[in-house]
Amino acid sequence: MSKYFDSLCAVDALDLHVDNEIFGLLGPNGAGKTTIVRILVTLLRPTKGTASICGFDIANEPKKVRNVISYVPQEMALDIRLTGKENVLLYAKLYGIHDRINKVNEVLELMDLTDRCDDLVKTYSGGMRRRLELAQALVHEPKVLFLDEPTLGLDVSARRRIWNHILSLRKHDITIFMTTHYMEEADEYCDRVAIIDKGRITALGTPQELKSSLEISNPTLNDVFMDKITTREDECAFDGYKFRTMLRRRS
Ligand SMILES: Nc1ncnc2c1ncn2[C@@H]1O[C@H](COP(=O)(O)OP(=O)(O)O)[C@@H](O)[C@H]1O
Ligand SMILES: [Mg+2]
């Protein structure tokens, strides 16, 4: 599929198959990650082509697609004036979940939020807010979960905790399709990744496959990223100086 915003090509003939796995979409700011996710979750229409999720076409069967997916956007999707539990209950109501209270308690427990579920969300830390968004997303038992930058802006321990929860969802057979800026996380947790640059896939495979394709010693996914991206640093918020310093320290 492709997506144009006027003459700007944000997604350029994307051709991709994702299995029951944790799949990471990596790329600099403006690469087209969010646009791809928004198309797949039926919030945007592709200009050309289409995609299907669990056999349902995103353009012709958007309602069926929405039944089997959940989406946690990059920006916050919570009402901070409500308690954690009220936020999840709202979702459960919108989805028409039977046995609502039990389901809400179950997903709050799954995300380790039971202790604080009656406190207002405005008193929650960034990591707790993210876990609450995950709890909301799980309330209607999706088969595919879309996460746009799930750990952005969180400290290391909160990020690790979110990842442990994402990994635990795999035990429930949920496919995770996510975007991230953090190469170390993608390397450690994703089954496969695609690096995209200017709307095009420039590398696709397991982190190990991509690293082995470089002919340097101890390659990291950061090295692969640097190798596959042509977007100039001043076009995005990518900090090339920081990356090079880090690479020097590692070599
Ligand atoms: N609604 C929109 N209207 C016009 N241009 C957009 C819109 N949404 C995204 N874009 C452009 O499409 C490109 C891809 O954006 P995006 O998908 O948000 O990238 P990423 O999530 O990888 O940072 C960028 O150049 C962005 O400015
Ligand atoms: Mg984005």
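1. Around ligand 1, β2 (8-11) and α1 (33-40) each supply at least two residues of the shell, and α1 gives the most, with three residues. Helices (H or I, at least four residues) and strands (E, at least two) are DSSP runs, numbered from the N terminus. The shell, whose members include Phe5, Gly30 and Lys33, takes in residues with a C-beta atom, placed from the backbone, within 6 Å of the ligand; its residues divide into four nonpolar, six polar and one charged, with Gly counted as polar.

2. This is a predicted model, in which local features need pLDDT of at least 70 and side-chain atom pairs count only at pLDDT 80 or more, while totals for chains, interfaces and linings use all residues. Residues are numbered from 1 along each chain as its sequence is written, and chains are lettered from A and ligands numbered from 1 in the order in which they are written.

3. In α4 (residues 100-110), Lys103, Val104, Val107 and Leu108 are buried (20 or more other C-beta atoms within 10 Å of the residue's own; exposed means 12 or fewer, and partly exposed lies in between). These residues lie on the same side of α4 because they cover an arc of only 130° around the axis, taken from the directions from the helix axis to the C-beta atoms. Ile101 and Asn102, on the other side of α4, are exposed.

4. The cover over the buried residues of α4 includes α3 (84-94) and α5 (126-138). Just after α4, Asp112 takes a positive phi of about 60°.

How values were computed
Contact = placed C-beta atoms within 7 Å.
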